[in-house]
Amino acid sequence: MKLFTFWRSLATYRVRIALNLKGITPDETIDVNLQHGEQRGDAFVRINPMMAIPALVEDDGTVLFESLAILEYLDETHPNPPLLPKEPKARARVRALAQIVAADTHPLIVPRVREYLEHEYKVDAAGLMKWGNHWHEVSLKALETQLAGSPQTGRFAQGDQITIADLCLCSHAVGAHYFKCDLAPFPTFKRIVEECNKIDAIARAHPLKQPGAPAS
Ligand SMILES: N[C@@H](CCC(=O)N[C@@H](CS)C(=O)NCC(=O)O)C(=O)O
């Protein structure tokens, strides 16, 4: 198994957590330096024409892409520990919480979007910060309302078992920190992310713990 990765990629962070939780170590990790635009190079475009990481290549050559699809694939092929609950309504809730992060928010702040805003619309660094802060705050409010208002929330987003929702909350927390969001108004979100980070498999997947990452 090969993982195409980069230390600061939030989508790859979600996949790294799942790999760690399931005790899977890829045979090879290949850096795609997003700061140098390597995701747009011919070699990587052949792997993922969407020019985005993560991509996970199985031993038979199958290329898996899109972090949520990869998380579910890993859960199906390596069921322990499970990352989705069994009960259909609970599964739907977990997937919905995950999609608030991975489908509704994260795509708004990826390099290709920020670079387009910068080059086509001349948005400056302060404007990009405001943009990212705004979209993170919108989803933090929705996540907090969902999490604080549901009896299904437990130690983690869905009861006391880690699910793909928690993996997405962790990546959202890193994005929120980067875009200078104050987490004080979102205590349930903050508590769950802190609970997650007490688990070594999650803590060591953090972007700043990866090779090539800056100290802070
Ligand atoms: N929806 C995709 C998003 C993948 C994505 O956009 N990844 C970012 C890094 S977190 C990337 O490679 N971006 C390259 C770019 O925007 O140019 C997923 O969840 O896997």
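The following legends describe close-up views of a predicted model.

**View 1. Four acidic residues form a patch of negative charge on the surface.** The members of this patch are Asp27, Glu28, Asp59 and Asp60. Asp60 is located in the loop that runs between β3 (55-57) and β4 (63-65). Asp60 is classed as exposed because its relative accessibility is 64%.

View 2. Cys168 takes part in none, and the nearest cysteine sulfur, which belongs to Cys170, lies 9.1 Å away. Cys168 has a relative accessible area of 0% and is therefore buried. For Cys181, the closest cysteine sulfur is again that of Cys170, at 16 Å, so the two are too far apart for a bond. Cys181 also counts as buried, because its relative accessibility is 10%.

**View 3. A salt bridge joins Asp75 and Lys22.** The structure contains 7 salt bridges. In the one shown here, the closest N and O atoms of Asp75 and Lys22 are 2.7 Å apart. This pair connects distant parts of the chain: Asp75 belongs to helix α3 (residues 67-77), whereas Lys22 is in the loop between α1 (10-21) and β2 (28-31), and the two are 53 residues apart. Asp75 and Lys22 are both buried.

**View 4. A salt bridge joins Glu115 and Arg40.** The closest N and O atoms of these two residues are separated by 3.2 Å. Distant parts of the chain are linked by this pair, with Glu115 in helix α5 (residues 111-121) and Arg40 in the loop between β2 and α2 (42-47), 75 residues apart. Glu115 is partly exposed, because its relative accessibility is 24%. Arg40 is likewise classed as partly exposed, its relative accessibility being 42%.

**View 5. Further salt bridges involve Arg204 with Asp200, and a network of three residues that includes Arg155.** The side chains of Arg204 and Asp200 meet with an N to O distance of 2.8 Å. Arg204 has a relative accessibility of 41% and so counts as partly exposed. Asp200, with a relative accessible area of 51%, is exposed. In the network, salt bridges link Arg155, Glu195 and Lys198.

View 6. Most peptide bonds are trans, and most residues other than glycine have a negative phi. Pro54 is part of the loop between α2 and β3. Pro81 is found in the loop between α3 and α4 (88-102).

**View 7. Met51 and Glu66 have positive phi values.** Met51 is not a glycine, yet its phi is positive, at about 60°. Met51 is situated in the loop between α2 and β3. With a relative accessible area of 34%, Met51 is partly exposed. Glu66, also a residue other than glycine, has a positive phi near 70°. The loop between β4 and α3 contains Glu66. Glu66 counts as exposed because its relative accessible area is 51%, and the cut-off for exposed residues is over 50%.

**View 8. Ala157 is a buried residue in a loop between two helices.** The loop that holds Ala157 runs between α6 (125-148) and α7 (164-178). The relative accessible area of Ala157 is 1%, and the residue is therefore buried. Gln146 is 11 residues from Ala157 along the chain, and the C-alpha atoms of the two are separated by 9.4 Å.

Note on methods. Residues are numbered from 1 along each chain as its sequence is written. This is a predicted model: local features need pLDDT of at least 70, side-chain atom pairs count only at pLDDT 80 or more; totals for chains, interfaces and linings use all residues. Side-chain values use heavy atoms; hydrogens and water are left out. Patches are made of residues with over 30% relative accessible area and no salt bridge: like charges are joined within 9 Å, nonpolar side chains (Val, Leu, Ile, Met, Phe, Trp, Tyr) within 5 Å. Accessible areas come from the Shrake-Rupley method with a 1.4 Å probe; for residues, only the protein chains shown count as cover. Lys and Arg count as positive and Asp and Glu as negative; His and the chain ends are not counted. The place of a charge is taken as NZ of Lys, CZ of Arg, CG of Asp or CD of Glu. Helices (H or I, at least four residues) and strands (E, at least two) are DSSP runs, numbered from the N terminus. Buried means under 20% relative accessible area, exposed over 50%, partly exposed in between (1.4 Å probe, protein chains only). A disulfide is a pair of cysteine sulfur atoms within 2.5 Å.
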